[in-house]
Amino acid sequence: MISRKAQEIIQTLKKNYEPIMDFQNLQVEERRELFNQSIVLEPLPEGIHHETGTVNGVPVEKISLSGSTNKIIMHIHGGGMIIGDSSSSRFMLAHVADLTKRNAISVDYRLCPEYTQPAAVEDCVSVYCGLLEQGYDPKNIVLLGESAGGALVLSLCAYLKKNKMEMPAAVCSISGSVDSQYESASMTKNRETEIVVNSNLKEMMNALYYTDTDPKDPVFSPIYSDLHGWPPVYLHACQGEILLDESIRMYLKLEEAGVETKLTIKEELFHTYMMFDLPESYEAFEEIASFFNEYS
């Protein structure tokens with residue numbers, strides 16, 4: 001049984017859930033403002049500091065612990081490539097950083113429709129390379145992303161592998177897509193249980209973000225990437241969301257390639273629930289931190 005607080009948020013999300021079918025008339029600024037009003041900025045752990053900055057010209061938010069550490073989390077936020085920013089995941093990121101005793105940096109990549117692919121991936125690559133230039137050992141870098149960010153951390157790994165670059169120590173992708181064609185069965189079978197992600201996600205993303213993309217490009221569809229030699233990957237999803245099978249497909253492909261991988265599927269909860277201050281969120285933070293601490 002999930003917490004009462006989670007049940008209350010689910011009822012609110014159900015009441016407000018209204019898939020944007022007419023995505024050509026999407027009011028982007030309005031959606032961004034509504035999203036920003038919903039994000040959780042507190043409570044943060046004691047001793048956590050955050051400030052804005054840049055890495056290789058890309059805006060970022062830096063989260064620092066009180067003590068020094070040579071380990072870092074590179075985080076990529078969600079929001080369907082359209083909304084969100086580094087502050088929207090501060091609650092989750094700060095707690096994972098605290099539990100793993102490492103600093104963190106969250107990437108404010110360029111959003112669509114102002115910028116289409118490959119802008120977001122390019123910004124993430126720039127920040128990763130910036131961390132290497134700052135002296136971070138790849139063995140001390142872990143990647144974390146939720147939703148669109150969950151897709152981008154996998155795209156970043158695919159890019160690094162394709163370009164024969166050093167990979168991070170471990171990766172956690174929370175409900176990220178792995179196929180730019182969104183062909184997973186759950187896209188249809190979970191339409192009635194989804195309460196966060198727009199049911200016309202495929203049409204919207206192909207019109208606004210994947211404008212000229214080869215659907216089997218390994219960077220934008222990591223399910224088609226050469227997965228051999230990837231770092232350990234933790235995939236996290238919820239049973240009722242339309243993106244569920246994206247994580248399951250990726251898990252099976254990673255296992256087939258001999259990659260250390262773990263899949264957690266939560267019952268009753270909803271897409272990226274850990275963005276909210278819930279008892280279940282703190283459980284997820286512990287799970288993610290445990291995975292990172294095992295490999296880095």
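This is a predicted model: local features need pLDDT of at least 70, side-chain atom pairs count only at pLDDT 80 or more; totals for chains, interfaces and linings use all residues.
Helices (H or I, at least four residues) and strands (E, at least two) are taken as DSSP runs and numbered from the N terminus. Residues are numbered from 1 along each chain as its sequence is written, and side-chain values use heavy atoms, with hydrogens and water left out.

Ser175 is found in the loop between β6 (170-174) and α6 (186-189). Its phi is positive, about 50 degrees, although Ser175 is not a glycine. Ser175 has a relative accessible area of 1% and is therefore buried; buried denotes under 20% relative accessible area, exposed over 50% and partly exposed the range in between, with a 1.4 Å probe and protein chains only. Ser147, in the loop between β5 and α5, likewise is not a glycine and has a positive phi, of about 60 degrees. With a relative accessible area of 15%, Ser147 is buried. Lys101, which follows α3, has a positive phi near 55 degrees. Most residues other than glycine have a negative phi, and most peptide bonds are trans.

The bond from Cys112 to Pro113 is cis, with omega near 10 degrees. The bond from Gln117 to Pro118 is also cis, with omega near 10 degrees.

The largest nonpolar core has 60 residues, of which Met74, Tyr109, Leu143, Leu152, Tyr209, Trp230 and Met250 touch the most other members. A nonpolar core is here a set of buried Ala, Val, Leu, Ile, Met, Phe, Trp, Tyr and Cys residues joined through side-chain atoms within 4.5 Å. A second, separate core comprises 38 residues, including Val40, Ile174, Tyr234 and Leu278. With residues up to four places away in sequence not counted, Tyr209 touches Met81, Cys112, Thr116, Gln117, Ala120, Val121, Leu152 and Met204, contact being defined as heavy atoms within 4.5 Å.

Two packed helices are described by the angle between their axes and the distance between the axes. Axes are lines fitted to C-alpha atoms, for helices over the stretch in contact, and angles run from 0 to 180 degrees between N-to-C directions. Helix α3 (residues 90-100) packs on helix α9 (residues 279-295) at an angle of about 50 degrees, the axes being 9 Å apart. This makes α3 oblique to α9; angles under 35 degrees count as roughly parallel, over 145 as roughly antiparallel, 65 to 115 as roughly perpendicular and the rest as oblique. The crossing of α3 with α9 is right-handed, a crossing being right-handed if the near helix is turned clockwise from the far one by less than a right angle and left-handed if anticlockwise. On the α3 side the contact is made by Phe91, Met92, His95, Val96, Leu99 and Thr100, and on the α9 side by Ser281, Tyr282, Phe285, Glu286, Ile288, Ala289, Phe292 and Asn293. These residues divide into nine nonpolar, four polar and one charged, where Ala, Val, Leu, Ile, Met, Phe, Trp, Tyr, Cys and Pro count as nonpolar, Asp, Glu, Lys and Arg as charged, and the others, Gly among them, as polar. Helix α3 is mostly covered, with nine of its eleven residues buried, among them Arg90, Leu93 and Ala97.

The axes of helix α4 (residues 119-133) and helix α5 (residues 148-162) come within 10 Å and cross at roughly 70 degrees. The two helices are therefore roughly perpendicular, and their crossing is right-handed. Ala120, Val121, Cys124, Val125 and Tyr128 of α4 meet Leu152, Ser155, Leu156, Tyr159 and Leu160 of α5. By class, this contact has nine nonpolar, one polar and no charged residues.

Val142 lies in strand β5 (residues 141-146) and is buried, with a relative accessible area of 0%. Leaving out residues up to four places away in sequence, Val142 touches Ile72, Ile73, Met74, Arg102, Ala169, Ala170, Phe292 and Ser296. Thr272 lies in the loop between β8 (261-266) and α9 and counts as buried at 10% relative accessibility. Apart from neighbours within four places in sequence, Thr272 is in contact with Glu146, Ser147 and Ile174.
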